[in-house]
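Subject: Handover of a structure and findings

Dear colleague,

Please find the structure below.

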Amino acid sequence: MEPDPLATRLSAVVGDAHVLTDPSLRASHESDFTGRWVGRSRLVVRPADTAQVAEVMRSCHAAGVPIVPQGGNTGLVGGSVPDPSGTEVVLSTRRLTALGPIDVAARRVTVGAGVPLAAVRRHVASRELEFGVDLASRDSATLGGMIATNAGGERVVRYGTTRANVVGVEAVLADGSVLDRLAGLPKDNTGYDLTGLLVGSEGTLAVITRARLALVPHLPRRVTALLALDSLDAAVSLLTDLRRLESLELVEFFTADGLALVLDKSGLPAPFRTTHPVYLLVECAGRRGPAEELADALEKAPAREVAVARTASDSRRLAAYRERHTESLNAAGIPLKLDVTVPLADLPAFAAELPALLAGRATPYLFGHLAEGNVHVNLLDVAPDDEEAVTEAVLGRVAAAGGSISAEHGIGRAKSRHLHLTRSAADIAVMRSVKAALDPDHLLSPHTLFPDRD
Ligand code: MLT
Ligand code: ZN
């Protein structure tokens, strides 16, 4: 068989070893980890630095070949996986792993897009600093992917989403030109905020190659607790009290069904002797007394049962009841994942109405980030023919309540048809003009967000 001329061209840029044409080598780049999104690429290319990314982009642009940027491939809406046509090039950013020196005075660090979150956290810990964003997939999720999806995760209640923690980016446009907004100055009012525009753009506007991150001080005292509650109403009401704590860092919820699944799939021991309808994982951190602060709050607003971690390993075990939901669901089947924001006041009603909305067409598991009303509606046992109707029922209900059809996972390929539910026609028109201005040939992540060009 004739060699693919694009593969030959890209090999000259990145080296033979980093152009993967063999199907067995491409496979892990062509499906997501849930198995829901499976495609086929023309090839996978792994550039080592910004200059190589720019050259790869120029070559693909000249040949009119679409590109799907991919980081740790932990996305959940199909945005990092090629479509099944075999025409798209996957550009893996995983070799962009430079970790810059830590600027302690400015509390900043510059990192390559391919650095996993856990590596950033280890790097900055040496200077008693932290990156404010944390998520369960910290060992695989890369900073580039987190920025492209504006990942939220577990500590948004204190530090905000990735957007609030990224001060600058370097990125390569579809035609190979390099945008350098890495300086990330605290004061710099010189026109449009291009960094802000690229955060959350899901690989549709540019390939992020490096990022400058804001860091926060490491807080030496920390307490983790698991609280058992009567209901989601009780959880929302307790959240009101917890928000008064300066040290509050994390408030995650899950339900009895989710815990039962996690215990079954993980083999972890049950946290309490009896089961309870709702659980809250709470973490507080500070320079002094976060444990006392939390204990005080719980005295005023008691839970049914409370488990407080005494050791670091205890604290990891309590967190695991929440963090192992994703893998436990995967072990049970291929979930239909609907990541939504529901206004907090409506969250208990949303959960109560869900069985009627689903009408027996799915087994729901609800968990997520309570303070933001971010519910991960994970549905198992959905017949392929019911998927669309079930998705519409849930997203329609969320939109009617003034929520968002994507809290933190993005629109990707999964929700592009539903974008109109929570973005207006004027919003969508502006977003399409931005896309057309930065990627007029529609080559970057062509199936994400706007799969049709017009
Ligand atoms: C999480 O918070 O664990 C993920 O965003 C949720 C998911 O797997 O649906
Ligand atoms: Zn989440």
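A residue is called buried under 20% relative accessible area, exposed over 50% and partly exposed in between, with a 1.4 Å probe and protein chains only as cover. By that definition Cys284 counts as buried, because its relative accessibility is 0%. Cys60 also counts as buried, at 1% relative accessibility.

This is a predicted model, in which local features need pLDDT of at least 70 and side-chain atom pairs count only at pLDDT 80 or more, while totals for chains, interfaces and linings use all residues. Residues are numbered from 1 along each chain as its sequence is written, chains are lettered from A and ligands numbered from 1 in the order in which they are written, and side-chain values use heavy atoms, with hydrogens and water left out.

Zinc site

The zinc ion (ligand 2) has His369 (NE2), His376 (NE2) and Glu408 (OE) as its protein donors, at 1.9 to 2.2 Å. Donors are N, O and S atoms within 2.8 Å of the metal (3.2 Å for Na, K and Ca); water is not among the atoms, so sites may look incomplete. Along the chain, the spacing of these donors is H-x6-H-x31-E. His376, in strand S17 (residues 374-380), and Glu408, in the loop between helix H15 (387-400) and helix H16 (425-438), are 32 residues apart and link distant parts of the chain. Helices (H or I, at least four residues) and strands (E, at least two) are DSSP runs, numbered from the N terminus. Both His376 and Glu408 are buried.

Ligand 1

The residues around ligand 1 are Leu76, Arg322, Thr326, Lys337, Phe367, His369, His376, Asn378, Glu408 and His409, where a residue is near a molecule or strand if one of its heavy atoms lies within 4 Å of it. Polar contacts are pairs of N or O atoms within 3.5 Å; within protein, one must be able to donate a hydrogen and the other to accept it, and residues adjacent in sequence count only if both atoms are side-chain atoms. The side chain of Lys337 has an N or O atom 2.8 Å from an oxygen atom of ligand 1. For His376, a polar side-chain atom lies 3.2 Å from an oxygen atom of the ligand, and the side chain of Glu408 has an N or O atom 3.2 Å from a ligand oxygen atom. Strands S16 (363-369) and S17 are the elements that give two or more residues to this shell.

A search of the whole structure finds zero disulfides, defined as pairs of cysteine sulfur atoms within 2.5 Å.

Yours sincerely
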